[in-house]
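Please read the points below beside the structure, as a colleague's note on selected features of the model.

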Amino acid sequence: MVGASATAALAAVPQATGAAPMMGGAPMTGGGPAGTDRPVLAKVSLTVNGQRRDLELDTRTSLLDAAREHLHLTGSKKGCDHGQCGACTMIVDGRRINACLTLAVMHQGSQITTIEGLGQPESLHPMQAAFIKHDGYQCGYCTPGQICSGVAVLAEIEAGIPSHVTADLNAPMQASPAEIRERMSGNICRCGAYSNIVDAMTDVAGKQA
Amino acid sequence: MKSFTYERPSSPAEAAAAVSRTPNAKFIAGGTNLLDLMKLQIETPTHLVDVNGLGLDAIAATPEGGLRVGALVRNTDLAADARVRRDYAVLSRALLAGASGQLRNKATTAGNLLQRTRCPYFYDTAQACNKRQPGSGCSALDGVSRQLAVIGASDACIATHPGDMAVAMRVLDATVETVDAKGGQRRIPIAEFHRLPGDRPEVDTTLAPGELITAVTLPKPLGGTHIYRKVRDRASYAYALVSVAAVVQPDGTGRAAFGGVAHKPWRVEAAEAEMARGAKAVTAQAFAGAKPTHDNAYKLKLAERTLGAALTEARA
C-alpha cells in the first residue's frame, strides 16, 4: 500500500516560528505549535486521478480536505466528517475508504481515485451512467461517494470478499440486492434514493458478469 | 483538532520508543477511531507515530497450528482470509458485522482492539464523563443507558466495549503480542487485555504506555460450528445491543462470549459447562451479579435469547 519512499523515516517538525500564522501578531512562544491551534507542516506526494501532486500541508489535513481545499477537487463531499455518512468515499490504493477519517500525510505514495477520476461528463464511468439511467439520486450530495463506493463494492464482490449477509463464507459471492444493500450501508442518502441505487449497481454488475 | 507533529518510524521497537519518549504521543494505524475522537478534542495527542509502514500486515501459520495475525492486517483482509473463513468463521462473521465497508478497509487488527470503550456521554464534551475527564462524574448513571453495560461496571463508568472482533477473539482465546521501547516482548491473553472500569475508567486496556501491539495469535482451530449473532437497532452499521460469539461442538458443548454488555468482551468459562443444557442455564451463570439500569435490564433477557438462537442455529 505504501511506496518505497513511505518506509523511510520521516518527521514533520513544527513550522519555523516566523512563518507561523500568529494570533493578533503575537510571536509564538514555548515548544512549538503542537497541541495548539497553530499548524505543523509536512510534505506529502500523492497520485490523484493519475497525476502526481506534491503538497505541503498542516498535519491535521484530512485526505478529503487535501482534495477539496488544496487540489480543488470538490466532487468528494464533506457530510458528517466522522465516517458515518460516506459522502467523502474515495478509492485509495484500490480500496474504498472514508477520506474524512484519514490524514493526507499518511498517504505518501498512495494512488487515489476521486469521482473526477472515475469519469467526466463526456466520458462517464458505467456506474455514473447507470446512476443517471436509474435515477439513483435526487439532491446529488451523497452521489459521488455512492458511486465511488458502488464501483468498489462490485470489485469487492468480484474479489470474493464476503459480507455480513453472505450465507456461505466459502462460496462465490453474488451481486444480489441483499448483498448490495448490506455493503452500501456506509453510504447514507437523505433523499432516500436507495432502491434506485441498488438498481443502478445491479445493472452495472449484470453487464460486468 | 489540536495540532500535532508526525513521524513514520522504521521498526516496531523504534515506534514504541518514539511514543515512550514523547509526552502525549499516540500510535496511529487506520485512524478511524482516533481521528474521529481528535476532531472532537476528546483525544488531543501532540505527536502521532504512524505505524502503517512497519510491515506488520501478514497472516502466517504458527508452529502450534494456529494463525499469527499482524497488527496492521486490515479488518477486511482478516475477514476475507481463506484460513480464517474456514477455521475461525466466528472471527470472519464478527468482523463483517462491524462498522461499514469503508471503515473495515482502513481499520486494523490492533486498532480494532484499541478502539475506545465508550458511551454517548463520552462523546458529548458538554457532559461529565469519568472516562473522558477522570473525576468529573458519570452522566450515564442517571442518563439514557439502554445501550450501556449490565455487568462488570462500576459507579464510575457503565460504558460498553463497542467492538465485534474482540468478542470473537475472546471466544477463540487469542493472545496479544507486544513490543516495548526497549525491544522487550510480551504476550497478553485476550481475557486480560481489556479492563473493567473500576475506579479508573479512563484506562481501557492493560497495555503499558508506549507498548505497541505487533500481532494477535489465534490458537489451533477449535472445529465445531462458529456463529456470531448480533442484535442491533438497525440491520447494518450499528453497535450491538447484545452480540454472541459461539463455537458449538456436535455434542452440544462449546464456548460463548457476549458483546454489548460490559466494558470488555464478556465470557465466563465456568458458565460454558452448562452449554449442553441450553442458553438459560449458561446466561444465568454468565450474568450472575449483573446490575442493569432501569433502561437496559432488557439486555439480560436478550442475551439469553440471542444465545438461544445461536444454539438453535448450531443444531440446525
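1. Which residue of β7(B) does V176(B) stand opposite? V176(B) faces I188(B). This is a predicted model, in which local features need pLDDT of at least 70, side-chain atom pairs count only at pLDDT 80 or more, and totals for chains, interfaces and linings use all residues. Residues are numbered from 1 along each chain as its sequence is written, chains are lettered from A and ligands numbered from 1 in the order in which they are written, and side-chain values use heavy atoms, with hydrogens and water left out.

2. Strand β6(B), residues 175-179, has five of its five residues buried, so it is largely enclosed by the rest of the structure. Here buried means under 20% relative accessible area, exposed over 50% and partly exposed in between, with a 1.4 Å probe and protein chains only; helices (H or I, at least four residues) and strands (E, at least two) are DSSP runs numbered from the N terminus. T175(B), E177(B) and V179(B) are buried on one side of β6(B), and V176(B) and T178(B) on the other.

3. Strands count as paired if DSSP finds at least two bridges between them. β6(B) pairs in the antiparallel sense with β7(B), residues 185-189, over five bridges, and also in the antiparallel sense with β8(B), residues 212-218, over five bridges, where V179(B) stands opposite L212(B). The hairpin of β6(B) and β7(B) has five residues between the strands, and G183(B) there takes a positive phi near 85 degrees.

4. L218(B) is among the residues that touch the most other members of the largest nonpolar core, which has 52 residues; L78(B), L91(B), L113(B) and M169(B) are the others named. Such a core is a set of buried Ala, Val, Leu, Ile, Met, Phe, Trp, Tyr and Cys residues joined through side-chain atoms within 4.5 Å. Leaving out residues up to four places away in sequence, L218(B) touches residues including G66(B), Y88(B), L172(B) and A174(B), where contact means heavy atoms within 4.5 Å. Another core, of 33 residues, lies apart from it and includes A42(A), V44(A), L73(A) and L103(B).

5. Q41(B) has a positive phi near 55 degrees, lies in the loop between α2 and β3 of chain B, and is partly exposed, with a relative accessible area of 37%. Y237(B) has a positive phi of about 55 degrees and is found in the loop between β9 and β10 of chain B, but Y237(B) is buried, with a relative accessible area of 13%.
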